[in-house]
Amino acid sequence: MLLGKKRKLGREIKEMSVGEKLALTEKVEDKDILLYLGLTDDANPLFIQHDYASQTPYKKPIVPSIMLTGMITSAVSRYLPGPGSHILSQDIQFPKPVYHYATVQLLLEVVEVNHDDHTVMMTVVGTNEKDEVVINGNLKVCPPHRLGGMDANVLDNF
């Protein structure tokens with residue numbers, strides 16, 4: 001149970017500024033794809049069947065776009081702004097496919113900080129091993145809200 005335990009939250013909006021960047025590298029492994037497909041019950045042959053994918057313009061199985069979106073969501077939740085934040089809206093394009101075993105370099109950048117509505121606008125660009133853009137998008141993110149002290153009213157939700 002989380003009561004009584006310290007929760008480390010991400011950065012408050014007042015700690016954020018335009019120009020901040022986060023770069024990280026994600027490697028797509030079979031286990032990740034199989035876990036995703038199992039959790040979502042997605043049996044798209046383009047994602048797992050080499051014989052089918054070989055007959056498409058992609059020539060081999062590709063990584064589901066929603067998995068790539070999950071990498072972005074994870075980066076926001078874990079690092080920038082960090083725990084307690086969430087994405088309010090997103091506009092993401094996938095101009096080139098990402099293949100199994102690929103390494104994706106993600107670069108997130110803060111382009112606007114809006115204190116009035118407690119949001120941060122960010123761009124995201126993902127590139128593959130050939131330095132080709134495979135992800136390009138914009139995110140509207142709500143940084144974590146600072147919590148007040150624990151009192152009896154907090155327990156009303158339990």
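Hi everyone. Two strands count as paired here if DSSP finds at least two bridges between them, and the elements themselves are DSSP runs numbered from the N terminus, with helices being H or I over at least four residues and strands being E over at least two. Please keep in mind that this is a predicted model, where local features need pLDDT of at least 70, side-chain atom pairs count only at pLDDT 80 or more, and totals for chains, interfaces and linings use all residues. Residues are numbered from 1 along each chain as its sequence is written, and side-chain values use heavy atoms, with hydrogens and water left out.

Let me start with the hairpin. S3 and S4 form it with four residues between them, and His118 in the turn has a positive phi of about 55°. The two strands, S3 and S4 (residues 119-127), run antiparallel and are joined by nine bridges. Val110 stands opposite Met122 in S4. On to S1 (residues 21-27), which pairs with S3 (residues 103-114) in the antiparallel sense over seven bridges. There, Lys21 is opposite Glu109 in S3.

Stepping back, the protein has four helices and five strands, in the order β-α-α-α-α-β-β-β-β from the N terminus.

Now, which residues of H1 are buried? They are Ile33, Tyr36 and Leu37. Seen down the axis of H1, they fall within an arc of 95°, taken from the directions from the helix axis to the C-beta atoms, so they line one face of the helix. The face turned away from that buried side carries the exposed residues Lys31, Leu34, Leu35, Gly38 and Leu39. H2 (45-48) and H4 are among what covers the buried residues of H1. Just after H1, Asp41 takes a positive phi of about 55°.

Last stop, the largest pocket. A pocket is an open set of points on a 1 Å grid over the protein atoms alone, where a 1.4 Å probe fits, with protein on both sides within 12 Å along at least five of seven lines; lining residues have an atom within 4 Å of a point. This pocket is lined by 13 residues, and Asp32, Tyr36, Met67, Gly70 and Met71 lie nearest its centre. S1, H1 (30-40) and H4 (65-78) each supply at least two residues of the lining. Thanks, everyone!

Definitions and conventions. Buried < 20%, exposed > 50% of the residue type's maximum accessible area, 1.4 Å probe, protein only. Contact = heavy atoms within 4.5 Å.
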